[in-house]
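Here is a short report on one protein chain. Look at the model first, then read on.

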Amino acid sequence: LRPTILLSLFAAMIGMYMFVVSGQLSGEYFYQKHRNCDIPKDLIPFYGNGECDGGILNRFQCNFDGGDCEMYNIAFPLCNAAVPSKISNGECDPEYDKEECGFDGGDCCHGEDEYLKTDGLCH
């Protein structure tokens, strides 16, 4: 009798595990929690991963990439960067070397440029 009960409990645990895995893989749990964030299933792993991914993730309905893009949006509200994580990454990206992107978040600061202030920072 005991082996039958243990086997039944084990089978129920495996069944519940498979149910949870199925919900995760299909995106069902994500879409239940974030009803207005209608992103493709392949973008779900990028949501809230600690890096501002931009695009359709960086909008109100998706909580600005799960909060990852909040600082970017505050610091550079007029910058329309395709890849926001490239701003202030330590490398000058010419496509973001403009005032609305903070001259690539300070990465593209040139000594002779007028935006180099007396404090030594590129603004």
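## Surface and overall build

The protein chain exposes about 8,700 Å², and carbon and sulfur atoms supply 59% of that area. Accessible areas come from the Shrake-Rupley method with a 1.4 Å probe, and for residues only the protein chains shown count as cover. This is a predicted model: local features need pLDDT of at least 70, side-chain atom pairs count only at pLDDT 80 or more, and totals for chains, interfaces and linings use all residues. Residues are numbered from 1 along each chain as its sequence is written, and side-chain values use heavy atoms, with hydrogens and water left out.

The chain has five helices and zero strands. Helices (H or I, at least four residues) and strands (E, at least two) are DSSP runs, numbered from the N terminus. Buried residues make up 25% of the 123 residues. Buried means under 20% relative accessible area, exposed over 50%, and partly exposed in between (1.4 Å probe, protein chains only).

## Nonpolar cores

The largest nonpolar core has nine residues, including Cys52, Cys69, Tyr72 and Phe76. Such a core is a set of buried Ala, Val, Leu, Ile, Met, Phe, Trp, Tyr and Cys residues joined through side-chain atoms within 4.5 Å.

## Aromatic pairs

A search of the whole structure finds four aromatic pairs. Rings of Phe, Tyr and Trp (its six-membered ring) pair if their centres lie within 6.5 Å; planes under 30 degrees apart count as stacked, over 60 as edge-to-face and the rest as tilted. The rings of Phe30 and Tyr31 have centres 5.5 Å apart and planes at 80°, so this pair is edge-to-face. Phe30 is buried at 11% relative accessibility, while Tyr31 is partly exposed at 29%.

Phe60 and Phe64 also form an edge-to-face pair, because their ring centres are 6.4 Å apart and their planes stand at 70°. Phe60 is exposed, at 68% relative accessibility. Phe64 is partly exposed, at 27%. Ring pairs also link Phe30, Tyr31 and Tyr47 into a cluster.

## Asn58, a buried loop residue

Asn58 sits in the loop between helix H2 (28-33) and helix H3 (63-66). Its relative accessibility is 19%, so Asn58 counts as buried. Its side chain makes a polar contact of 2.9 Å with the side chain of Asn73. A polar contact is a pair of N or O atoms within 3.5 Å; within protein, one must be able to donate a hydrogen and the other to accept it, and residues adjacent in sequence count only if both atoms are side-chain atoms.
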